[in-house]
Amino acid sequence: METLRNFGAIAPGVVALAAFVALACSSQGDGEAETPDTSSSTGGLAGPATGGAGVSTGGSSATGGSSATGGSSATGGSSGMVVGAGGSGGRPGSGETGAGGAGVAGSGSSGTAGGETRSAGCGSATAPKSGRFSIDVGGTAREYILAVPDGYDANHPYRLIFTWHPRGGSAEQVATGFGGGYYGLQSRANGSAIFVSPEGIDQGWANTGGRDMAFLRAMLDRFRADLCIDQTRIFSTGFSYGGMMSYAVGCAMGDVFRAIAPMSGATYSGCEDGDSPVAMWGSHGNEDNVVPLENGQSARDVFLERNHCSQQTTPTEPSPCVSYEGCDAGYPVVWCEFKGGHALPNNSGESIWRFFSQF
């Protein structure tokens, strides 16, 4: 398993990385996301939006509560063909070296019927707000955009979904673009989920010294304290560098995250050696010249092994997506390897939401 944990140990990844960084650098002179490749697609993604809400430093951190898994077994959702996409992936980091796990015991949380584990923020008299916020992480101010459902109920535990932007993209780009906001998931959630779009350093997720995983853990501590979250239903998705961050999240925090949905990613943001299973829906183009397919397949294989899946697959709609057989109950792996390049699969929002909402 160890050979799958570090992209540096995979020869093709080194070659791909050089091309990956070169392409990213050549397209970032003006600080904007690169022009989407639409040569084999039916549409493109919007570039980073300008402006946006002012930064707020509100919200206090907390120790958080315990996590749980739960959820029923299913084969998950599926993907379609290709549309154009913005962003191009990113540079490798040194990986995350800190320990995984849920929030530190202390504030605690109470379980409810149906397998929910309510966060400490449930029942809070302070109504959370949507907007852009900052949080201190080891002396560095990090920012994120938070989207709380209209009519938020402080006594109702919500899904929490992290959506990571690609190389050269931004939190605003994900929050307002990508198929209708948050990779097309917000409109499909119908008020059942809280969404987070974090802002990367240098428009990416190199995770140098584990800084991006530390950012994630700091956000989780704050959200557990301030929001009513079902801690058995925390999810992560992203495209390109955002997909790489989702792989890193699944590797390090399978005991916290219920499922991940990386698109055109690899393990360039690191992959801690862990044991906790995590459900996975993944996609990758077979002609990707930015993040080679074999690097995406190697990242997928980490979770096939983690979830004890066999190599046998069953077709799932739409073709050519497949669901792997023999996975641990409640931890399916669905893989959508489509004909195309470095792009989002068509109907990715619908497919990912279907996969996440089964839990």
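**Figure 1. Residues at the contact of helices H4 and H5 in the predicted model.** From H4, Asp212, Met213, Leu216 and Arg217 meet Met245, Ala248, Val249 and Ala252 of H5. By class, six nonpolar and two charged residues make up this contact, with no polar residue. Helix H4 comprises residues 211-226 and helix H5 residues 241-252; the two pack with their axes 11 Å apart, at an angle of about 70 degrees. Because angles of 65 to 115 degrees count as roughly perpendicular, H4 is described as roughly perpendicular to H5.

**Figure 2. The hairpin of strands S2 and S3.** Strand S2 (residues 131-137) pairs with strand S3 (residues 140-147) in the antiparallel sense, over seven bridges. Within this pairing, phenylalanine 133 is placed opposite tyrosine 144 of S3. Two residues lie between the strands of the hairpin, and glycine 138 in the turn has a positive phi of about 60 degrees.

**Figure 3. The pairing of strand S3 with strand S5.** S5 spans residues 193-198 and runs antiparallel to S3, to which four bridges join it. Here isoleucine 145 stands opposite serine 197 of S5. In a regular strand, side chains alternate between the two faces of the sheet.

**Figure 4. The protein as the setting of the close-up views.** The secondary structure comes to seven helices and 11 strands. Of the 359 residues, 58% count as buried. Among contacts with a separation of 6 or more, 77% are accounted for by residues 24 or more positions apart. The accessible surface of the protein comes to about 12,800 Å², with 50% of it belonging to carbon and sulfur atoms.

Conventions. Residues numbered from 1 in each chain as written. Predicted model: local features only at pLDDT ≥ 70, side-chain atom pairs only at ≥ 80, totals over all residues. Heavy atoms only, no water. Pairing = 2+ DSSP bridges. Buried < 20%, exposed > 50% of the residue type's maximum accessible area, 1.4 Å probe, protein only. Contact = heavy atoms within 4.5 Å. Areas by Shrake-Rupley, 256 points an atom, 1.4 Å probe, with all protein chains shown as cover. Axes fitted to C-alpha atoms, helices over the stretch in contact; angles between N-to-C directions. Parallel < 35°, antiparallel > 145°, perpendicular 65-115°, else oblique. Nonpolar A, V, L, I, M, F, W, Y, C, P; charged D, E, K, R; others polar.
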